[in-house]
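Me: I have a protein model open on my screen. Can you show me how to read it, feature by feature?

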Amino acid sequence: MNGKRILLIIGGGIAAFKSLDLIRRLKERGASVSVVLTKSGAEFVTPLSVTVLSGDAVHDELFNPLGEADIGHIELSRQADLIVVAPATANMMARMASGIADDLATTVLLATDKPVLIAPAMNVRMWEHAATRRNVKRLAKDGIKMVGPNEGDMACGEFGPGRMAEVPEILDAIEQNISAENSNLVSLDRKGPLQGRHVLVTAGPTREPIDPVRYISNHSSGKQGYAIAAIARDLGAEVTLITGPTNLKRPDGVWVIEVETAREMKRAAVKALPADIAIFTAAVADWRVKGKAGKKIKKAKGKSTPDFELVENPDILKSIANHKSKRPDLVIGFAAETNNVVEYAKAKLKRKGCDWIVANDVSEEGGVMGAETNTVHLLTANTLESWPELSKSDVAERLLRRAAAELSGITQAAE
Ligand SMILES: Cc1cc2nc3c(=O)[nH]c(=O)nc-3n(C[C@H](O)[C@H](O)[C@H](O)COP(=O)(O)O)c2cc1C
């Protein structure tokens, strides 16, 4: 980032305080930072703090005789390598999407030909509102890039998507975007065989609590699901990745929802509908312990080992494959088996009501869990294909290209 010039626009949201830290971190990395503070932004952070941290007078007025002596609003964008809007409020996104230029920030944004990265931050209802959904799509078409928002607790006391991405995530996104070879930042302007499709992917293990410190889980690494999410994005889809706990880096440009238990995963999957394609790679625990202990279960001399009663977890694949009103056009399950892989997969296809099953051998000899490659069989209602050993990315690409072709067949048949 050394020597790069960032124009940071700070909008009027609670998350504006994080942008002060963003200024510091950018400067630490050798970037120069100019800041435009919206009128509402100045309700959350003071022009003085911004000036001191950025080392540059804050820009907050469009009609500023001094600034405009050299057409300052055009000059601001001309000097920048990248414009970052953080926090991008719902209001700011709406004005950007409509091409409104009624203050310094929006005028600069309309007058620029530089790349623009937004970090949305807002209450979950604002984020999920149809108007904001429309604006996100519009901005995508206009080539605006986006980082976050994340899901989590909000200042307003609610929980859900809408929290501004954390400063390190925004820094990552900025770094990728100003490097010439940038390819993986969330380019919302997507092209490819899955353009305009929403792909839902589940990945990783679930964790079923026993007590506050112990849980039941499995060895799923999440690599296959993450590869599918990343390739679906590269093929042009809007992607929602619902992930159990993994050590993997979240793929850029993908809407990531983190969960722990099977029940949370199911709730998140249903909420993410409608989707055109749903792919269930997560290794969901079949059972959970009935009634999690509120306190750590203690070992004591003479005390017998604890007995756990297990209850069945919800069947996420089956419930989405049989969803009454929002069943995705293509529902694909993954079957992880340690023996009789194909026979069990055939039975699973029927039992769950999904369209395709990708079966893989997760026996210790198969060595799939955590590995970089996978050897799978693709089962549809009438066909069985056995693919050679491929990298998990290649499995993802082959599967998604097949899915894209299948979907365009379905769409044509419906027309
Ligand atoms: C306490 C408070 C917090 C707010 N937080 C947000 C927020 O996080 N995201 C958002 O989109 N709007 C938020 N708003 C509303 C915006 O400040 C308002 O829509 C404003 O017009 C945005 O102006 P701007 O887009 O020019 O910065 C908040 C308002 C208040 C009073």
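Reply: Start with its origin. This is a predicted model.

Me: How many helices and strands are in the protein?

Reply: The protein has 13 helices and 21 strands. Next, look at its overall form. The radius of gyration is 24 Å, close to the 22 Å that the globule rule gives for 415 residues, so the protein is as compact as a globular protein of that length. Along the principal axes, the C-alpha trace spans about 75 × 65 × 40 Å.

Me: What share of the residues is buried?

Reply: Buried residues are 43% of the 415. Contacts tell you something else. Take those with a separation of 6 or more: 69% of them join residues 24 or more positions apart.

Me: Now the helices. Which way do the residues of a helix point?

Reply: An α-helix has 3.6 residues a turn, so residues three or four places apart point the same way.

Me: Which residues of α12 are buried?

Reply: They are Val 341, Ala 345, Leu 349 and Lys 352. These four cover an arc of only 90° around the axis, which puts them on the same side of α12. Glu 343 and Lys 350 are exposed on the other side.

Me: What do the buried residues of α12 pack against?

Reply: They pack against α11 (316-321), β16 (330-337), β17 (356-361) and β19 (376-379).

Me: What follows α12?

Reply: Gly 353 does, and its phi is positive, near 75°. Here is the general idea. Most residues other than glycine have a negative phi, and most peptide bonds are trans.

Me: Where are the cis peptide bonds at Pro 87 and Pro 274?

Reply: One runs from Ala 86 to Pro 87, with omega near -5°. Pro 87 is in strand β3, residues 82-88. Another runs from Leu 273 to Pro 274, with omega near 5°. Pro 274 lies in the loop between α10 (262-272) and β13 (277-280).

Me: Let me try a single residue. Is Val 331 buried or exposed?

Reply: Count its neighbours. The cut-off for buried is 20 or more other C-beta atoms within 10 Å. Val 331 has 24 C-beta neighbours inside 10 Å, so it counts as buried. Its place is in strand β16. Leaving aside neighbours within four places in sequence, Val 331 is in contact with Ala 278, Ile 320, Ala 321, Cys 354 and Asp 355.

Me: And why does Ala 90 count as buried?

Reply: Ala 90 counts as buried because it has 22 C-beta neighbours inside 10 Å. You will find Ala 90 in helix α4. Beyond four places in sequence, Ala 90 touches Met 122, Met 126 and Thr 132. Ala 90 and Thr 132 are 42 residues apart in sequence, yet their C-alpha atoms are 6.7 Å apart in space.

Me: Last stop, the ligand. How many residues surround it?

Reply: The ligand is surrounded by 16 residues, and the closest are Gly 11, Gly 12, Gly 13, Ser 40 and Thr 89. Helix α4, residues 90-98, gives the most to this shell, with 3 residues.

Me: How does the shell divide into nonpolar, polar and charged?

Reply: The shell has 8 nonpolar residues, 8 polar and no charged.

Definitions and conventions
Residues numbered from 1 in each chain as written. Predicted model: local features only at pLDDT ≥ 70, side-chain atom pairs only at ≥ 80, totals over all residues. Near = placed C-beta within 6 Å. Helix = DSSP H or I, 4+ residues; strand = E, 2+ residues; numbered from the N terminus. Nonpolar A, V, L, I, M, F, W, Y, C, P; charged D, E, K, R; others polar. Buried ≥ 20, exposed ≤ 12 C-beta atoms within 10 Å, placed from the backbone. Arc of directions from axis to C-beta. Contact = placed C-beta atoms within 7 Å. Rg over C-alpha atoms; globule rule 2.2 N^0.38 Å.
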